[in-house]
Amino acid sequence: MSRGAVRGGGAVLLFLLVWEIAARMIFVPAVLPAPSAIAAEGWARWLSGALQWDVLMSASRLAVGFAAGSLLGAFLGLLFGAFAPVRRILEPLVQFLRFIPPIAWLTPVLIWFGIGEEGKWVLITYTTTFMVLLNTLAGFAEQHRDRMRAARVFGAGSWETFRHVRLPATVPWILGGMRIGMGNSFQTLIVAEMLASNEGLGQLILNSRLQLSTEGMFVGIAGIAVLGILADSAFRAATRRMFQRYRLGW
Amino acid sequence: MSFIAFREVGFRYGEREDAGNSILRGLDLEISRGTFYVLLGPSGCGKTTALNLLAGFEAPRSGSVLVEGRPVQQPGMDRVVIFQGDDSLYPWLTALENVEFPLRMMGLGAAERRSRAEAWLARVGLANHAAKFPHQLSGGMKQRIQIARALVCDAPVLLMDEPFGALDAQTRTILQDELVDICAGSGATVLFITHDIAEAIILADRIGVMRAGPGSALKDEFELDLPRPRNRGSVEFAAVYDRIQRVLGEEVQKVVMREAAA
Ligand SMILES: Nc1ncnc2c1ncn2[C@@H]1O[C@H](COP(=O)(O)OP(=O)(O)OP(=O)(O)O)[C@@H](O)[C@H]1O
Ligand SMILES: [Mg+2]
């Protein structure tokens, strides 16, 4: 393990230790439960199988929405990048939609899709699509005068310039958009699960509050953090390997 | 008819028509086939602009830029460019793949692309760095990739805009000598821009000195018939250097005075 990772792990342990002490000495469990109490609650939920179920529900919603949103966002971004007229026609629409937070669509989505899985998939797909699309467009907007000139000098037509010069330059932007999209998807997911779901980590948090189980709330919160770290690390490791030559900044 | 000709070329950026906005005015310049032509001139006089016109990146506002009597319409593989700086290399391609790029655009098969690109990489001394990416190479190595990428095209015309400008004096000297060797065999016609009079004398068959702008044109030309390889320490070298220095120095002085006044 690297020195940075050891230090980072140390910081987390120290944070948990301070929290444990503060929780035991200052706060009542109903306000701030100790990490040990949260772990015990998490373990109990694990043994009953309830925790796995919530994680699985949240993770599957994220996976479906993330995959669909990444594909759709990259497809639209590349379409806009390859065909300027498409971009001119559709970009105003994108600019119009970009300030609407995905969660604002929750109510109409509930009306259209009900509280089943489809509604969450739609919301997360929308969240991811937007981030990937906007980032891809930003990538295409970057000017590389000499690269473009070299392409013309060395005989690239407009399709070849797109395929061999503009597209590769945009790959890191597409992947960066996917990473941001995944982060934003967690927000969308948790709110959607709190407001319109019977399962999932968001629902676990909200339900625990209703049942006055502060420990349960924190199990849900910690579950989100762990799920997020795992998903992001997996994404980073996979893309680093697959897109080595693009020198991703992670 | 000369191989390359600038005839009464006028150019300005933007639409303002006043004399102060004119970059080139009435530029006449001829380069015969196989000539290594070096363009000198004070900073900002329009050397790069002239090269861009010949490359086809810009179009003249008046007059014409001709290759074999035909006006330049657009960039093309008959006039390859070695760019100033290394922004034109593709960072996601290895040294070898960068050199293969023009061959790929020509539609050559993988095997032929590879063997031709490898031959040129070896020629510029990068045989052992073929699999490296540009960011893993030094500035001098990156310029060598550019040279290989341009020469792999077998183009009749090479355009070079201060290709060694950003390099240290040692590397620069080495690359100058290599370029002399490479060009001697190729028969290519070269337009080469530099600020370095010594570099000009080492390389050139003919040297043009441009006037300070705005509205720049050619001020003077020098035919160099010193035998090659040229010796930087010889008396003849010093004499030519001195003549060019006097012509160029006057123009540089004008720019300096103007900037001091402003
Ligand atoms: N894209 C541009 N838009 C407007 N003005 C420009 C542009 N490019 C260059 N110029 C101006 O045109 C003039 C000539 O520029 P050019 O780059 O051709 O000079 P140069 O002789 O190559 O100078 P240097 O030796 O410093 O490279 C300069 O005054 C410059 O400010
Ligand atoms: Mg210049």
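Trainee: Which residues of α4(A) meet α6(A)?

Mentor: In this predicted model, R87(A), E91(A), V94(A) and L97(A) of α4(A) meet Y126(A), F130(A), L133(A), L134(A) and L137(A) of α6(A), where contact means heavy atoms within 4.5 Å. Helices here are DSSP runs (H or I, at least four residues; strands are E, at least two), numbered from the N terminus.

Trainee: And how many residues of each class are in that contact?

Mentor: By class, the contact of α4(A) with α6(A) has 7 nonpolar, 2 charged and no polar residues, with Ala, Val, Leu, Ile, Met, Phe, Trp, Tyr, Cys and Pro taken as nonpolar, Asp, Glu, Lys and Arg as charged, and the others, Gly among them, as polar.

Trainee: At what angle do the two pack?

Mentor: Helix α4 (residues 84-97) and helix α6 (residues 117-141) of chain A pack at about 125°, and their axes are 12 Å apart. That makes α4(A) oblique to α6(A), since angles under 35 degrees count as roughly parallel, over 145 as roughly antiparallel, 65 to 115 as roughly perpendicular and the rest as oblique. The axes are lines fitted to C-alpha atoms, for helices over the stretch in contact, and the angles run from 0 to 180 degrees between N-to-C directions.

Trainee: What does the rest of chain A hold in helices and strands?

Mentor: Chain A has 10 helices and 0 strands, and of its 250 residues 42% count as buried, that is, under 20% relative accessible area, with exposed meaning over 50% and partly exposed in between (1.4 Å probe, protein chains only).

Trainee: Switching to backbone geometry, where is the cis peptide bond?

Mentor: The cis peptide bond joins R228(B) and P229(B), with omega of about -5°, and P229(B) sits in the loop between β10 (218-223) and α7 (235-261) of chain B.

Trainee: Which phi does D154(B) have, and is D154(B) buried or exposed?

Mentor: D154(B) has a positive phi of about 55° although it is not a glycine, and D154(B) is exposed, with a relative accessible area of 60%. Most residues other than glycine have a negative phi, and most peptide bonds are trans.

Trainee: Where does R247(A) lie?

Mentor: R247(A) lies in the segment after α10 (214-242) of chain A, and R247(A) has a positive phi of about 45°.

Terms used:
Residues numbered from 1 in each chain as written. Chains lettered and ligands numbered in written order. Predicted model: local features only at pLDDT ≥ 70, side-chain atom pairs only at ≥ 80, totals over all residues. Heavy atoms only, no water.
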